[in-house]
Each structure stands twice: as C-alpha cells, then as structure tokens.
Amino acid sequence: MSSGGLELPPGDGGHEGGPAEQAPGGGSGGVAAGAVSLAGPEPAGTIRTGAELDWGADAWTEVRTRAQRAGRAYIWLNLIEQRLRAVVGAVLRPIYEPVHGEDDWVVAAAGPAGQEWVQRAVAVREVSRRKGYLLDPADDNVLSFLTLPQLRELMVQHWPCFEPYFDDRREIELALDELEVTRNVVSRNRALSQAVLSQAERASARLLEVLGGGAGSPGADRLPIDAVEDLVGDRYADVISVHPDRVRLQRQLPAEDLFGGARRLDAIGIGLNLLVQNYSGRRLVRLTEAGCRVRLLFLNPASSAVKRRERELGLRKGELSRSVEMNILHVRRVRAGLRDPSGFAIHVFDETPRFTAYLVEGENSGIAVVQSYLRRARGMEAPVLVLRGGGRGVPRDADHGLFTTYREEFESVWEDSRPVS
C-alpha cells in the first residue's frame, strides 16, 4: 500500500498480458481499479524506453517564433523599466534622501501601503549582495530592485510631485496597463501573440516619448528607430524592414509619414504610383513651398521599355504608357502651381527600369523605400525594402549601406535623363 492509499500490483510477471483474475490473497492479476501501474520489462525487440524527447521541425519553428517575440518584448520592457526608474529617482530622491538617507529613502517613499513589496526588494538586494549577483556597483540600491508595477505605484502615490513634468497621468497609466499583459507573459516564458507584441511596442514607444526618453518626434524621423533595430540593426546593413508587398508597407508607413516633413525627395520608377496616387497634389505643393527639393524620374511613356513592360504584365497595348502619362501630367500641374518651380524637377529616362526607389531625407534623418521589378508582378505586388538613411540614431557605415547604393544609382540615371517641359 502506497502512502497515497493506492495499491501497487504484485511484482511477479504472472499478471502481464493475462485476464484480470483475482490473485491469491485477494490481489489482482491485472491492474485493479485505483492502482498505480509500474513499468514492466519491454517486449523483446522494443527500442522505446521512455517518452519521445526529440523536437521536429514544426516544434523548433514554434519555439524560435516564441523566443523572437519574447526577445523583442523584453527589450522594450527593459527600456521602459530603466527609464521609469530614472524618472522616479530624479523626482523623489531629492525629496526623501536628505531626511531618510541614501539606503532608506525608497522605503520611506513607499510608505505603509508599499511596505510589503519594498521590504521584499530589500531582501532580494541583500541576497544578491551575498551571492555576487550585483555586477555593477551602480545597481547596489533598492530602487534597482523594484519592478515595473512597483515603480508605477510610487509614481501614482506621489503624482503631485510628477505633475509638473508630465501633462497626462491617464495616458501614462493606460500605457503601463497595456504593458502589464506582455510583462506577465514574458516573465513566465509563455507564448506571446503577434497582436499583443505589436500593442506592447506601440505602448512602449508612446510611453518613452511621454517620459522624455525618445530620440525625437516620429514626424521628424518618419520611422523612429525602435529598440530592436538599435541593438541588431548593423547585422542587416541599413535595411530596417522588409514587406512582401506595398500594401503591407503602407500599413506601417503611410505615404503621409513617409513624405511628410521631407527636405529632399528623389524618386525613380516607371510611374511613381506610391507618390502620385497616395500623396495629394495639395500636400505636395505645401511640401515644396516649405522648402523641400523634389526630383522625379519617370520612365519615358514613349520608350520601347514601356512596351516590353506591358507585354510582361499582360496589359493591353498603350495601357501602361497612358498611366505613366497621366502621372506625369499630374505632377506637371503641381509644379505649375508653385510660386518657385525651380525646386521641382521632372525628368524621363529611356533605359530598362530595374527598380523603383523613393529617397526621402529630412532635417535629421533619411529613409528609402525600394522595390525591384519582377517579370509577372505589378509594383503593388513586389517585395519592399525600407532603408535607414543616416541621421540621428544608429551610426551606419556608408560603405556597406544600401541607401548610398541607390542614391548613387539615382544620380547616374538622372545625369542621362531628359527634363520634361
């Protein structure tokens, strides 16, 4: 009889494979109801001795996906926690430290309501000291052992102290609420969905901006450098994202964000539909009047290259050339409405089109959207590369960046092109 009250079957081999007959002494030849079965000897020729431990390709794919999502989320959560720790320390330390000392000011700031969790942080700090877990002396303080919810609690308890620095308490609390789900999943190493990860990244970027930890306004940078790019961007030259088609690109980077605030816009392609059909003429006028220099390179609608492209795409004769002509007429009308049209140049080229590219540069950053032409796919359906063009953020090696490559290619075609009157 086991300690749990369950009966173990007899150890002799007579009970294997036979009927569940009553054994001498009241035992059972099989496994009686409520008994725990013990593993007996394997039949001859059997190799399996336990559970299958190997992972197949699908299992490895799932594990890598989970790890990648958790890694991205962890980077954002780490940034938020460090930023919030710095903000809490900068605001509350000058108030409590002169009275309570360097070691006890966090305990005093937590007050009776936070006595339990702050004492737990003190205990964890002491254990870390004894076991040598404090690798950086700068972390040898109670504040470094507070978690994100505890830092938030300190901020909420002392909101009058933080109010002069931040306009909207509700916005900060809502962003931290959105992060709590992600934090809970990541801390317990559970599966994180793509939707929750995207929500956490948006909330983190917004919170860093509110807390004054952003590198600049998104409008000025068009596509802000995120935490993951900051860490691993150099592994991929200056490619910051890849999209299977232009539709998915525009979900992340609408034309208004791509072109808005630009100081220099150079574009080359067949019809430049991303600009002409997704960015209104009035906005283009305002952009140019604000000082943006625009150079647009269209494929000559009368060239033989257009006819070859029509055959590749299975279009009717003249269909693509008429579309390009309409786009050129549109930008000519935009140029005609400018007070000073000298900063708005339109050219056509006669070479075989190899790619379409939009090279956009602002005051502090640059970005490029590049697509190669595929034989049977329209531009809307071709894969898209998004390139970082320097400026503030991650330093780039110009010798290994694709932005510079496409900039040089644009300049080369521009020199051989003809202006449109």
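Visitor: Is E153 buried, partly exposed or exposed?

Guide: Buried means under 20% relative accessible area, exposed means over 50%, and partly exposed lies in between (1.4 Å probe, protein chains only). E153 has a relative accessible area of 34% and therefore counts as partly exposed. The residue is found in helix α4, and its C-alpha atom is separated by 8.3 Å from that of G114, 39 residues apart along the chain.

Visitor: On what basis are such values given?

Guide: This is a predicted model, in which local features need pLDDT of at least 70 and side-chain atom pairs count only at pLDDT 80 or more, while totals for chains, interfaces and linings use all residues. Residues are numbered from 1 along each chain as its sequence is written, and side-chain values use heavy atoms, with hydrogens and water left out.

Visitor: How many helices and strands does the protein have?

Guide: Helices (H or I, at least four residues) and strands (E, at least two) are DSSP runs, numbered from the N terminus. The protein has 16 helices and eight strands. Of its 421 residues, 38% are buried.

Visitor: How is a pair of packed helices described?

Guide: One states the angle between the two axes and the distance between them. Axes are lines fitted to C-alpha atoms, for helices over the stretch in contact, and angles run from 0 to 180 degrees between N-to-C directions. Helix α4 (residues 148-157) packs against α6 at an angle of about 165°, with the axes 11 Å apart.

Visitor: Which residues of α4 and α6 meet?

Guide: Contact means heavy atoms within 4.5 Å. From α4, L148, P149, R152, M155 and V156 meet R169, I172, E173, L176, D177, E180 and R183 of α6.

Visitor: At what angle do α1 and α6 pack?

Guide: Helix α1 (residues 57-100) and helix α6 (residues 169-187) pack at about 125°, their axes being 10 Å apart. This angle makes α1 oblique to α6. The α1 side of the contact comprises A70, A73, Y74, L77, I80 and L84, and the α6 side L176, L179, T182, R183 and V186.

Visitor: What is the size of the largest nonpolar core?

Guide: A nonpolar core is a set of buried Ala, Val, Leu, Ile, Met, Phe, Trp, Tyr and Cys residues joined through side-chain atoms within 4.5 Å. The largest one has 55 residues, and F259, L296, F298 and F344 have the most contacts inside it. A second, separate core of 41 residues includes L77, F145, L146 and V186.

Technical notes:
Parallel < 35°, antiparallel > 145°, perpendicular 65-115°, else oblique.
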